[in-house]
Amino acid sequence: MCGIAGFVGPGTKPDLEKMCAALVHRGPDDSGEWFSDGGAQPLAFGFRRLSVLDPVGGAQPMLEAQSGNAVVFNGEIYNHLELRRELAALGATFQSDHSDTEVLLHAYAQWGEDMVTRLNGMFAFALYDQTRDQIFLARDRFAKKPLYLCAQGGTLVFASELTSLAQHPAVVGTLDPQSLMQFFAYGYVPAPATLYQGVQKLRGGETAVFDVGSGAMRVQTFWRYEFRDTAVPGGGPKAWAADVLDLLRNAVSRRIEADVPLGFFLSGGVDSASVVALARDVLGDGVPLDTFTIGFQESSYDESAQ
């Protein structure tokens, strides 16, 4: 878990520092800030990091020297090694050893906005395109990583949390009564609405482009969940079970790449237990796996016995 924040338009470096300070709990390991006031509008990117991949080479905000582009990124790209090899074959020169953040910069340089369709992972990022003078923002398909936006009056403010967004003077923070009612009814506020008027969540599978010069923003969908084939596959139940197991093993294998010790949260259900079993299968007996369970005094919530 990391935290990103930033803005385009009126604002100061202390404003960025306040936004990042509100995200310390999301990223206790490292921080970074990039503030530029040499263009038509001040531009600021901030980052709080929980270091998992390439602790040395993955520092953010990350700038690409040749293009002048910059990115802040929360999440993990599970197919970053495959993309790195493909981009290197196309001529990209990488400075880091295995940072998935740097892959985003080169992927955008190669494929533009279509790069998101090639990403396998959980992500929320903001990328500054110096040539086009625009900010490209994206959120993963199932909205695992949060991204809040406030775009009004030619100003864009973005952050991983509302508490960080509210530190910028352009965000008034007026409560939205309709969203409050939805929160009490559902236990959450359905996207794109938020508890604040004038603030929106980017939906899962969406991108947004903010033009720095005009202050205009367009949002578009790059993916949506749909059933494409309802035909029953051949092979029968045993073959289906084997296929599911292979898919799960591959998914777990992609997600346990880390340069820090791994930990697993066990809820007592078959899903989390399966993840740990498959991780042991992939890693072998020589790698220690730490598991954690949270118990509750309220028996209806407590699954620690399982």
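This is a predicted model: local features need pLDDT of at least 70, side-chain atom pairs count only at pLDDT 80 or more; totals for chains, interfaces and linings use all residues.

Modeller: Residues are numbered from 1 along each chain as its sequence is written, and side-chain values use heavy atoms, with hydrogens and water left out.

Biologist: How many residues of strand E9 are buried?

Modeller: Strands (E, at least two residues) and helices (H or I, at least four) are DSSP runs numbered from the N terminus, and buried means under 20% relative accessible area with a 1.4 Å probe, protein chains only. In a regular strand the side chains alternate between the two faces of the sheet. On one side of E9 sit Thr 155, Val 157 and Ala 159, on the other Leu 156 and Phe 158, and both faces are covered. For E9, residues 155-159, the buried count is five of five.

Biologist: Which residue of E9 is the bridge partner of Phe 7?

Modeller: Two strands pair if DSSP finds at least two bridges between them. Strand E1 (residues 3-8) is antiparallel to E9, with four bridges. In E9, the partner of Phe 7 is Val 157.

Biologist: And which residue in the turn between E8 and E9 has a positive phi?

Modeller: E8 (residues 148-152) also runs antiparallel to E9, joined by five bridges, with Gln 152 partnered by Thr 155. The two strands make a hairpin with two residues between them, and the one with a phi of about 60° is Gly 153.

Biologist: Why does Asp 30 count as partly exposed?

Modeller: Asp 30 lies in strand E2 (residues 30-36). Beyond its neighbours within four places in sequence, Asp 30 has contacts (heavy atoms within 4.5 Å) with Phe 47, Arg 48, Arg 49 and Ala 59. Partly exposed is the band between buried and exposed, the latter being over 50%. Asp 30 counts as partly exposed because its relative accessibility is 29%.

Biologist: Which element gives the largest share of the lining of the largest pocket?

Modeller: That pocket holds about 790 Å³ of space. Of its 34 lining residues, the closest to the centre are Met 1, Val 52, Glu 76, Met 122 and Arg 255. Elements giving two or more residues include strand E3 (43-49), strand E5 (70-77) and helix H3 (100-111). The largest share, four residues, comes from E5.

Terms used
On a 1 Å grid over the protein atoms alone, a cavity is a set of points where a 1.4 Å probe fits but cannot get out, and a pocket is an open set with protein on both sides within 12 Å along at least five of seven lines; lining residues have an atom within 4 Å of a point. Grid points are joined across faces, edges and corners, and a volume is the space filled by probe spheres set on the points.
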